[in-house]
Amino acid sequence: MKSVEQHVADVLALINDPEPTELDLLQAHGTVLAEAVVSPVSLPGFDNSSMDGYAVHAADLSSAAPDTPVRLPVVADIPAGDPSPTAVLPGMCARIMTGAPMPSGADAVVPVEWTDGGTARVTVDRPVKVGNAVRRAGDDVTEGTTVLRPGARIGPGEMGVLAAVGRRSVPVYPRPRVMVLSTGEELVEPGRPLGPGQIWESNSFMIAAAARDVGCEVHRHGFVGDDPETVLDTLEGLLVRADIVVTTGGVSMGAYDVVKEVLTRQGTVEFTQVAMQPGKPQGFGTVGPDRTPIVTLPGNPVSAFVSFQIFVRPALRRLRGLAPDPLPSTRAVLTAPVTSPEGRRSFLRGVLEESPHGPSAGATVAPALHQGSHQLSALAGANAFVVVPEEVTELAAGASVQVLRLPEPA
Ligand SMILES: Nc1nc2c(c(=O)[nH]1)N[C@H]1C(S)=C(S)[C@@H](COP(=O)(O)OP(=O)(O)OC[C@H]3O[C@@H](n4cnc5c(N)ncnc54)[C@H](O)[C@@H]3O)O[C@H]1N2
Ligand code: MOO
């Protein structure tokens with residue numbers, strides 16, 4: 001059987017480097033920056049007040065005290081946005097608002113709370129240091145500096161700095177478009193009545209959610225039955241809207257394993273067995289004239305989920321312009337014994353509990369009671385996979401194990 005590492009590498013090799021595109025700032029939220037952003041300006045662009053108060057010459061207030069307050073004439077009123085505030089001469093002051101440009105001459109701001117709030121003359125009863133409540137030009141960003149590097153993910157803070165340096169659009173790797181398709185004659189859309197032998201379709205919802213959590217734009221096509229021509233036509237119709245296609249079901253050894261049947265005929269998709277549990281039957285390749293990558297996951301729901309996290313997630317990260325990292329790994333102590341088939345690496349679902357004193361300090365992992373690849377209830381609530389190596393068939397409670405953390409919902 002093929003190793004997990006080899007299959008991870010094969011799926012990743014399907015993915016070409018993504019092409020950057022210029023997106024409007026708000027649309028770029030959650031995408032990855034393709035080029036460095038250099039600020040064309042300094043921030044702040046001019047010296048300005050950080051408080052509502054009075055712009056003064058600090059030296060005028062050196063003797064100010066409750067017993068000997070200093071009174072200064074107020075010669076101007078400077079709101080934020082004032083294009084050319086009047087200069088302030090020694091012995092005078094100007095009322096100034098937060099964010100308003102400092103008038104020339106003044107070297108400090110007295111907060112309004114230290115004064116009687118006068119508008120023609122103001123009384124101040126304490127001294128002020130030079131530079132008090134003044135935000136200097138360039139003390140945030142100096143013109144010509146790189147504010148964001150390529151690879152930065154555009155979250156709220158990045159969005160803020162981009163707008164602040166005047167960017168309306170940015171070169172980014174757009175969110176990859178993932179098409180999710182399930183197959184199976186037994187499937188029924190949730191919300192519709194079930195007939196005998198039928199089940200509600202769940203894989204495409206689950207995989208769509210997992211792909212969205214990687215930051216992709218997902219189209220859930222839903223599902224098709226086991227008719228080969230319909231499957232092929234549906235796939236071809238989906239390609240124009242997809243950077244990658246993920247299917248579930250129809251890849252094993254059965255008489256109606258339609259995905260395997262139609263894609264084997266195409267000759268561009270390879271079906272294989274990977275030495276893991278769950279998730280043994282796998283397929284990967286390209287489809288259509290543009291050689292769109294396709295990953296065909298097994299139909300058992302837990303198998304599809306595990307396979308997505310191990311093989312598809314790194315590929316989607318690369319498509320997004322991120323490093324194709326695997327799930328983050330840590331170690332923890334098993335709270336209950338587990339078993340695993342010889343020669344296959346198990347990814348058991350579990351609940352990882354980490355100490356507030358850090359990941360290495362007394363983390364435990366409780367394996368879910370139900371580890372069948374159809375047992376979805378144990379997947380809901382799991383936050384980690386317990387990894388049992390190929391050569392190990394059982395582990396006792398108390399054993400130290402490798403644990404992969406599952407992504408938090410976006
Ligand atoms: N003779 C063998 N049989 C099977 C083998 C094998 O090696 N030899 N492998 C087993 C393993 S392991 C897996 S995993 C499954 C994978 O089978 P398929 O990918 O062909 O999946 P299906 O047969 O279509 O479905 C399997 C199972 O999952 C349910 N299913 C499928 N799609 C959905 C969906 N969208 N939502 C909810 N549930 C779904 C389906 O009803 C089946 O119960 O093969 C084993 N068999
Ligand atoms: O490999 Mo299957 O995925 O065990 O159920």
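A residue counts as near a molecule or strand if its C-beta atom, placed from the backbone, lies within 6 Å of it. That rule sets the ligand shells in the views below. This is a predicted model, in which local features need pLDDT of at least 70 and side-chain atom pairs count only at pLDDT 80 or more, while totals for chains, interfaces and linings use all residues. Residues are numbered from 1 along each chain as its sequence is written, and chains are lettered from A and ligands numbered from 1 in the order in which they are written.

**View 1. The shell around ligand 2.** Gln277, Pro278, Gly279, Lys280, Pro298, Asn300, Ser303 and Ser373 surround ligand 2. Sorted by class, this shell has 2 nonpolar, 5 polar and 1 charged residues; here Ala, Val, Leu, Ile, Met, Phe, Trp, Tyr, Cys and Pro count as nonpolar, Asp, Glu, Lys and Arg as charged, and the others, Gly among them, as polar. Look out for the cis peptide bond between Gln277 and Pro278, with omega about -5°. Pro278 sits in the loop between β19 (276–277) and β20 (281–287); strands (E, at least two residues) and helices (H or I, at least four) are DSSP runs, numbered from the N terminus.

**View 2. The shell around ligand 1.** Ligand 1 has 28 residues around it, and Ser182, Asn203, Gly249, Ser252 and Gly299 are the closest. Two helices, α3 (203–213) and α6 (301–320), each give at least two residues to this shell.

**View 3. Helix α3 against helix α6.** The axes of this pair come within 10 Å and cross at roughly 30°; axes are lines fitted to C-alpha atoms, for helices over the stretch in contact, and angles run from 0 to 180 degrees between N-to-C directions. That makes α3 roughly parallel to α6, since angles under 35 degrees count as roughly parallel, over 145 as roughly antiparallel, 65 to 115 as roughly perpendicular and the rest as oblique. From α3, Asn203, Met206, Ile207, Ala210 and Ala211 meet Pro301, Ala304, Phe305, Phe308 and Leu316 of α6; contact takes C-beta atoms, placed from the backbone, within 7 Å. The contact of α3 with α6 comes out as 9 nonpolar, 1 polar and no charged residues.

**View 4. Helix α1 against helix α6.** Helix α1 (residues 4–12) crosses α6 at roughly 35°, with the axes coming within 9 Å. On the α1 side you'll find Val4, His7, Val8, Val11 and Leu12, facing Ile310, Phe311, Pro314, Ala315 and Arg318 in α6. By class, that contact has 8 nonpolar, 1 polar and 1 charged residues.

**View 5. Helix α4 against helix α5.** Helix α4 (residues 228–238) packs on helix α5 (residues 258–266) at an angle of about 65°, and their axes are 9 Å apart. The two are therefore roughly perpendicular to each other. Pro228, Val231 and Leu232 of α4 make the contact with Val258, Val259, Glu261 and Val262 of α5. This contact of α4 with α5 holds 6 nonpolar, no polar and 1 charged residues.

View 6. Leu43 and Pro44 are joined by a cis peptide bond, with omega about -15°. Pro44 lies in the loop between β3 (37–38) and β4 (48–49). Ala133, a residue other than glycine, has a positive phi near 55°. Its place is in the loop between β9 (121–124) and β10 (134–135).

Key:
Two residues are in contact if their C-beta atoms, placed from the backbone, lie within 7 Å.
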